[in-house]
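Q: I'm new to this one. Can you walk me through the structure piece by piece?

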Amino acid sequence: MTKIAILGAGAMGSAIAIPLADNGHDVHLVGTHLDREAIDSIQTKRHQIRLGIEVPENVHAYQLEDAAQAFDGAEIVASGVTSFASHWVAEQLSKLMTPGQLFVMVAKGMEADEEGNLSILPDVISSRLPAELRDSVPMTAIVGPSIAGELAVRRHTCVMFAGREQSALDRLAEVFATPYYHIWTTTDLVGSEVCAALKNCYALGTGFADGIINAAGVDPDLEWRNYNYEAALIAQGMIESRQLVELLGGRPETAEGLATTGDTYVTAKGGRNIRVGRLLGTGMKFAEAWEQLDHITLEGAQAIEIIGGALPKLTERGLIGEEDLPLLRHLYDVITERAELDMPWSTFFGGQNTYLPESKLSLPGAST
């Protein structure tokens, strides 16, 4: 039996506790200040309110002020806290972790400095840890298509554990894997995390497709939908993911599997990113759409702002060309610069589309 401490009692933090509990491990789930009600519910009724499930008896819930007790003696530490709070996570880990523990990151995103240099979140967190932790704690991450609710009710789920030390990955796979939670490992941490962050960007963009036909008054139950549009954006997103993975030193083949195609597909099937994309597809500006969604956390929009905002700086430095990553650039313009949605189709797939018809379709967002 292994003791695991999980920081963050939201949907995914709680979901990854299920395979661990099924394997008979001692799981300690620590809530943030936003999880107080969820922790109270688990402590009193064994009920996870965000997932609607009964929590196994070997999952023990703690409020944040009791985190030291939960972390004491843990071999593995995981963080299910949103990417917006990565610096806060690093601050907590600095106080709670001890040398030699293994760390697993669940949230996805990136950070950029003033020159446009991009960093993956495990490296951001590691850089903010005390030296004795930074030098002794292997940083790993879970990537791939994993809807929290499905994992929590034990649906078959295929993921990759990524890190720089194979021995750490082997140990994590041994602890986490179940007959329904299928794990592959890769030492391409950078490539995996780049793909995991970008999939939120491109999945948000696929939401435009539904918004466009809704604005045109199309009844999707009676008429053709807009799957062609979605498929083209996903395909272009895979090409751009590969470009950025290579630029940042990852392996290009990482952009061909679970971390990209699989995760983009599942993210595009539902959730917050797709909801805001649908509103933008109707012609709304991002600020209006975000207001309508009651200012919910949008990791896709944040990733677009951070990664897309770095592209002009990387272009100016000659690290990428002006023609590179056209979809991500347009997503940035729509989200951050309040530009009209006008998909730059002719720049996709290497810019080989040289035939540009003079007439334009009347559907909003459908022009070439």
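**Aromatic pairs, sheet and helices**

A: Start with Trp290, which is partly exposed, with a relative accessible area of 32%. Keep in mind that this is a predicted model.

Q: Which helix holds Trp290 and Phe286?

A: Both lie in helix α14, residues 286–292. They are four residues apart, about one turn of the helix. In general, an α-helix has 3.6 residues a turn, so residues three or four places apart point the same way.

Q: And Phe286, buried or exposed?

A: Phe286 is buried, because its relative accessible area is 14% and the cut-off for buried is under 20%.

Q: How many aromatic pairs are there in total?

A: The count comes to five aromatic pairs. One of them is Phe286 with Trp290, which is stacked, at 6.2 Å centre to centre and 15° between the planes.

Q: What kind of pair do Trp345 and Phe348 form?

A: Trp345 and Phe348 make an edge-to-face pair, with 5.5 Å centre to centre and 70° between the planes. Phe348 is buried, at a relative accessible area of 2%. Tyr229, Trp345, Phe348 and Phe349 form one aromatic cluster.

Q: What about the backbone at Phe349?

A: Phe349 has a phi near 55°, a positive value in a residue other than glycine. Most residues other than glycine have a negative phi. Phe349 sits in the segment after α16 and is partly exposed, with a relative accessible area of 40%.

Q: Which residue in the segment after α16 has a phi of about 60°?

A: Arg338 does: its phi is positive, about 60°, although it is not a glycine. Its place is in the segment after α16, which covers 326–335. Arg338 is exposed, with a relative accessible area of 59%.

Q: New topic. What is the strand order in the open sheet?

A: The open sheet has eight strands in the order β5-β2-β1-β6-β7-β10-β11-β12, and the pairing is mixed. β5 (59–62) and β12 (181–186) stand at the edges. Each has a single partner strand, so one side of each is left without a neighbour in the sheet. From one strand to the next, the twist averages 25°.

Q: How do β1 and β6 pair, parallel or antiparallel?

A: β1 and β6 pair in the parallel sense, over four bridges. Ile4 stands opposite Ile76 in β6.

Q: Then β6 and β7, over how many bridges?

A: Four bridges, and β6 and β7 also pair in the parallel sense. Ile76 stands opposite Leu102 in β7.

Q: Which way do the residues of β6 point?

A: Ile76 and Ala78 point one way from β6, while Val77 and Ser79 point the other way. All of these are buried.

Q: Going on, what joins β7 to β10?

A: Strand β7 (residues 102–105) and strand β10 (residues 139–143) pair in the parallel sense over three bridges. Met105 stands opposite Ala141 in β10.

Q: Which helices sit on the sheet?

A: Helix α9 (residues 166–176) lies across β1, β6, β7, β10, β11 and β12, running at about 180° to β12. Helix α10 (residues 189–215) packs on the sheet too, touching β10, β11 and β12. The direction of α10 makes about 40° with that of β10.

Q: How do α10 and α15 pack?

A: They pack at an angle of about 110°, with their axes 8 Å apart. α10 and α15 are therefore roughly perpendicular to each other, since angles of 65 to 115 degrees count as that.

Q: Which residues meet there?

A: From α10, Ala197, Leu198, Asn200, Cys201 and Leu204 meet Glu299, Gly300, Ala301, Ala303, Ile304 and Ile307 in α15.

Q: Which residues of α15 are buried?

A: Among the buried residues in α15 are Gly300, Ala301, Ala303, Ile304 and Ile307. Others on that list include Gly308, Gly309, Leu311 and Leu314.

Q: What span should α15 have?

A: At 1.5 Å a residue, the 18 residues of α15 (residues 299–316) should span 26 Å. The end C-alpha atoms of α15 are 26 Å apart, which agrees.

Q: What comes just after α15?

A: Just after α15, Gly318 takes a positive phi of about 80°.

Key:
Residues numbered from 1 in each chain as written. Predicted model: local features only at pLDDT ≥ 70, side-chain atom pairs only at ≥ 80, totals over all residues. Heavy atoms only, no water. Helix = DSSP H or I, 4+ residues; strand = E, 2+ residues; numbered from the N terminus. Expected span 1.5 Å × (residues − 1). Buried < 20%, exposed > 50% of the residue type's maximum accessible area, 1.4 Å probe, protein only. Pairing = 2+ DSSP bridges. Axes fitted to C-alpha atoms, helices over the stretch in contact; angles between N-to-C directions. Contact = heavy atoms within 4.5 Å. Phe/Tyr/Trp six-rings, centres within 6.5 Å; stacked < 30°, edge-to-face > 60°. Parallel < 35°, antiparallel > 145°, perpendicular 65-115°, else oblique.
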